[in-house]
Number of protein chains: 4
Amino acid sequence: MTVVSDVRETIAALRREVCALHEQLTRYQLVVWTAGNVSARVPGHDLLVIKPSGVDYDALTAESMVVCDLHGRVVEGEHAPSSDTEAQAYVYRHLAGVGGVVHTHSPYSVAWAARGEPIPCVTTMCADEFGGEIPIGPFAVIGDDSIGRGIVDTLRHSRSPAVLMRNHGVFTVGPTAKAAVKAAVMCEDVARSVHLARQLGEPVPIEQHHVDALYDRYQNVYGQR
Amino acid sequence: MTVVSDVRETIAALRREVCALHEQLTRYQLVVWTAGNVSARVPGHDLLVIKPSGVDYDALTAESMVVCDLHGRVVEGEHAPSSDTEAQAYVYRHLAGVGGVVHTHSPYSVAWAARGEPIPCVTTMCADEFGGEIPIGPFAVIGDDSIGRGIVDTLRHSRSPAVLMRNHGVFTVGPTAKAAVKAAVMCEDVARSVHLARQLGEPVPIEQHHVDALYDRYQNVYGQR
Amino acid sequence: MTVVSDVRETIAALRREVCALHEQLTRYQLVVWTAGNVSARVPGHDLLVIKPSGVDYDALTAESMVVCDLHGRVVEGEHAPSSDTEAQAYVYRHLAGVGGVVHTHSPYSVAWAARGEPIPCVTTMCADEFGGEIPIGPFAVIGDDSIGRGIVDTLRHSRSPAVLMRNHGVFTVGPTAKAAVKAAVMCEDVARSVHLARQLGEPVPIEQHHVDALYDRYQNVYGQR
Amino acid sequence: MTVVSDVRETIAALRREVCALHEQLTRYQLVVWTAGNVSARVPGHDLLVIKPSGVDYDALTAESMVVCDLHGRVVEGEHAPSSDTEAQAYVYRHLAGVGGVVHTHSPYSVAWAARGEPIPCVTTMCADEFGGEIPIGPFAVIGDDSIGRGIVDTLRHSRSPAVLMRNHGVFTVGPTAKAAVKAAVMCEDVARSVHLARQLGEPVPIEQHHVDALYDRYQNVYGQR
C-alpha cells in the first residue's frame, strides 16, 4: 500500500509539525526519556502521523515520523510507530472533530491518575481550558482497544480535552495537534496548582455559572481572530 | 485615532522593554503556554503597551506589542491585546504611581489563591519586598471592571505590590514594568518557600517592628543608588 | 599492568559513551555538583570504564574517564576513579548480564530511601520498566564490599533494574550503560509520581497479572526491533 | 585608600572567579532575581571580593565585582557592594580558615529556616558534606553585626559549613569560594530530600559512628588528590 500523491505535501507538513511539537513536551517537562508522544490526523484521509516508538526526543526528525492508517497499521515510514498508536487511531476513528492527540506521563497528572481522582475545577485556568473537572478514565491494558475506548467514552461525557487514564497518564485531544499539546501543558499546570492548593487545605469551589462563563469566553474570545 | 509623533520614541522603547521582560516570566517558570503578560504605562500619556493575546512567548517581537488607551481600546498594533488589558487599564487609571503591571498563574501563588488564603510574612524576603502578608483579592469574572477593581481595592490597603486574585492568579504592580516583573518573581518564590515551610509545621512569625525595619531598609537602601 | 591492544577501540568508544551519558544525569536533574556517575563494562574483559572522582560534569571528557579492573584498581587513566568504583566493580563481578551501572542521589528516590520504604508499583510506567515495586537495599558503609553486596543481593530477588540503598541513593543496572541511565531516569520519575500520589491519598493498586503483562510487553515489544 | 600593586593580579583573578561562580547559583536555582551572592577573601590581605548589590546575574562582570575591607567598606569598585557585605566581612574577621562565603534564599532551605528547625542528618550526602545536622542560627536584623555574629556563633559549634539563619536563608563557608558554593548546592539538595522524606513518614536515623566515618572519608579521600 502506498500513499496517493495528492496528500504528499500535507503529510510532509504534518511530519514537520508533529516532530517539532515534541519540543514542547520536553520544554515543559511533561515527558522523560521517550515516554510521551504527539500525533496528527491527515485531514480528509484515514491516516495519522505519529512519533516512532522508543526514539529519543533529541533524535527525532520529520523523516522518522510514521504514517499509519486509522487501525494503527504502518503505511509509510522506516520505524515502528509509538506503542500508543492503536489507542490514538481508535480516538481518530470515533471522534470526528479530533485532529491531534497527545499522550504524556506528566508527574502531577499521574499522581491524580494513580489515585483515580478527577481534578476539581477550582481555578479559572481550569474553567477556561477544560470547562469543568478533568475526568478520570478507566484502567486499561495496552494491546487491544481498551485504552482508545476508555479515552473516547470518557471524553464524550465531558467538555474537557484531557482525560487522566487510571494508574497510567494523560491523553489530550484537540482540533489540531498544537491544540492537543496546549491541553497537555495546561493539564499538568492545573494538576500541579490544585495539588499544591489541596496540600494545605481545601480550595474554594467556583460556582458552575462562573465556570460556564469562563469556558465560553475563553473558547470564543481569547487569542487572535 | 493615532499616536502623536512626540511619543513615538518612548513607545518604541517600551515595546522593546515589555517584549523583553516576558523572557523573565518563562525563565522563572511563572507562565505556561501564553498564560501571563506584562504591560507598561506610557509616562505622561493615557496609554499602555501590552502583550498581544494568545501569542507564544517565543514569537513575541517589539512590533507585536499592542498600544491601548487606559480603557483598553487598541490605539496601535496589528494584534488583539491581552484579554487582561481592561483589568490592567483599570489599575493604571486608579493608581497613579503604577508604571507597570504583570499577570501570571504561577503555581504556588495559585495554590494560595485557590484556597483564598493570604501568604503570611514569615521570611525576610517577604518583609523586604512586600512589607507584610501578600493579600487576597476577590473572585472576579473577566469582561467588566471586576478584576481591575479587585486589584485596586486590595492593593490600596496594603504595602504589597502583589495581590492574589481568588481562584485565579497573581497581579503585581511597580513604578516600572521591570519592578512589577521583579514583584511577580519574588511573589512566587515567597509563595513556594512558605508553602514548603507550612507542609511540615508552623513557621515562626516575624515581629511587626522587624517587618517594618526590613521593608524600610530594602525600599530605601538596597541596590545601586 | 597495561590494556592489551585489541580492546583499544572498544575502550575508546566506551570512554566517549560513558562521558556523554552523564549529560542525561544533569539534563534530568538527577545529580548536583559531582554526586553521581555512570560506568560501563568492557565486554569480554574484566574491565570497566567510569567517571573520575569529584570532577565537574561540565569538565568531563572521554580522556578523563578511568579504566579499572573488576576490583576497582586503576588500569588506565590519569584521575582517581569515582569513589563508587568498588561497589560497581562488585556488581559487574557478580551479575554477568550487567553491562552498565549508574549511581545518583536523585531527590525523590532519596526520600523513599531515607525512610527505607520501597516504591509500590501503582503506575503503568513502574510496571513497564521495573516489573513491580522498586526495592530497598540495606544501609551500607563505603570502603568495603558492603554497598556492592547490598545491591547484588537486592537485585537478585527482583525484576527491577533499580535499587534504593537505604539513607543513600539509587543504583541502577542494565545490559548497557544507556539502559542503566534510562532506569535511573525512570526511577526518579516513578519515585516522584508515586510520592505526589501518596501525598493526597492512597493510589489504586494494579493487579499482579496486569503488572506482569505490562512488564512482558514493554521488555519484548516496545521500541525499535 | 588604594589597593597596593602586588595584589592586583590576585584580585583580578578573584573578581573573575567570584563573578563566574554566580552561574552555579542560577544553574541550581538557588537564587531568584538578585537575591544571593558569593564572596571570596583576598588571601593574606584584609580584603574581600563580593557581588554588587541588586545587579542582575546576567549583567555581572568581573569588573563590576566590589573589593571591600573586612569591615565592609568599599576599597575598589564602582558599585555599592551586596547588602550582605557586613555580615560576610564579620565572618572573614572571626573565622580565619574561611576563604569564601555564599548567601542564598534557596527554597527548601528557607522552609526549614522559617520553622527554625535544623535539618537532621538522615542521608549519606548530609553526613559526607555536613558531618551531622545542618544547624539553625538566630533571627538577626540586617544593619549591624547581628547576622555575622549569628553565623559565626553557630558554625563554631558545628562541623557543618552551612547555617540556616532563622526566617531568612542560608549562609555557607568554605576554604575557597568554590567550596562555599558547593556547600550551598549540597545544602539545598539535602534540605529538599529530607523535606520530601519527612512528608510521607519518618526517615531512618543514621548512627553517629557511621556519620563520623562518612564525614571523615569524604573530607579526606573523595575527589582528586
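Guide: In this predicted model, chain C is superposed on chain A by a rotation of 90° with 0.0 Å of shift along its axis, at an RMSD of 0.0 Å.

Visitor: What makes that the relation of a four-fold axis?

Guide: The rotation of 90° and the shift of 0.0 Å along the axis are what a four-fold axis relates. In chain C, the C-alpha nearest the axis belongs to C:Gln199, 5.3 Å from it, and the copies use different surfaces, since 6% of the contact residues of chain C recur in chain A.

Visitor: How do you know that D:Cys126 is in no disulfide?

Guide: A disulfide needs two cysteine sulfur atoms within 2.5 Å, whereas the nearest cysteine sulfur to that of D:Cys126, which belongs to D:Cys121, is 3.9 Å away. D:Cys187 is likewise in no disulfide, with the sulfur of D:Cys126 as its nearest at 8.5 Å, and a search over all chains finds zero disulfides.

Visitor: Why does D:Cys126 count as buried?

Guide: Buried means under 20% relative accessible area, and D:Cys126 is at 0%, so D:Cys126 counts as buried; D:Cys187, also at 0%, counts as buried as well.

Visitor: Why are S4 and S6 of chain D said to stand at the edges?

Guide: The open, mixed sheet of chain D has eight strands in the order S4-S3-S2-S1-S5-S8-S7-S6. Strands S4 (74-76) and S6 (136-137) each have a single partner strand, so one side of each is left without a neighbour in the sheet. For S6(D), two bridges join it to S7 (residues 162-165) of chain D, running parallel, with D:Ile136 opposite D:Leu164.

Definitions and conventions:
Residues are numbered from 1 along each chain as its sequence is written. Chains are lettered from A and ligands numbered from 1 in the order in which they are written. This is a predicted model: local features need pLDDT of at least 70, side-chain atom pairs count only at pLDDT 80 or more; totals for chains, interfaces and linings use all residues. Side-chain values use heavy atoms; hydrogens and water are left out. Buried means under 20% relative accessible area, exposed over 50%, partly exposed in between (1.4 Å probe, protein chains only). Copies are superposed by least squares on the C-alpha atoms of residues with pLDDT of at least 70 in both. Contact means heavy atoms within 4.5 Å. Two strands pair if DSSP finds at least two bridges between them. Helices (H or I, at least four residues) and strands (E, at least two) are DSSP runs, numbered from the N terminus.
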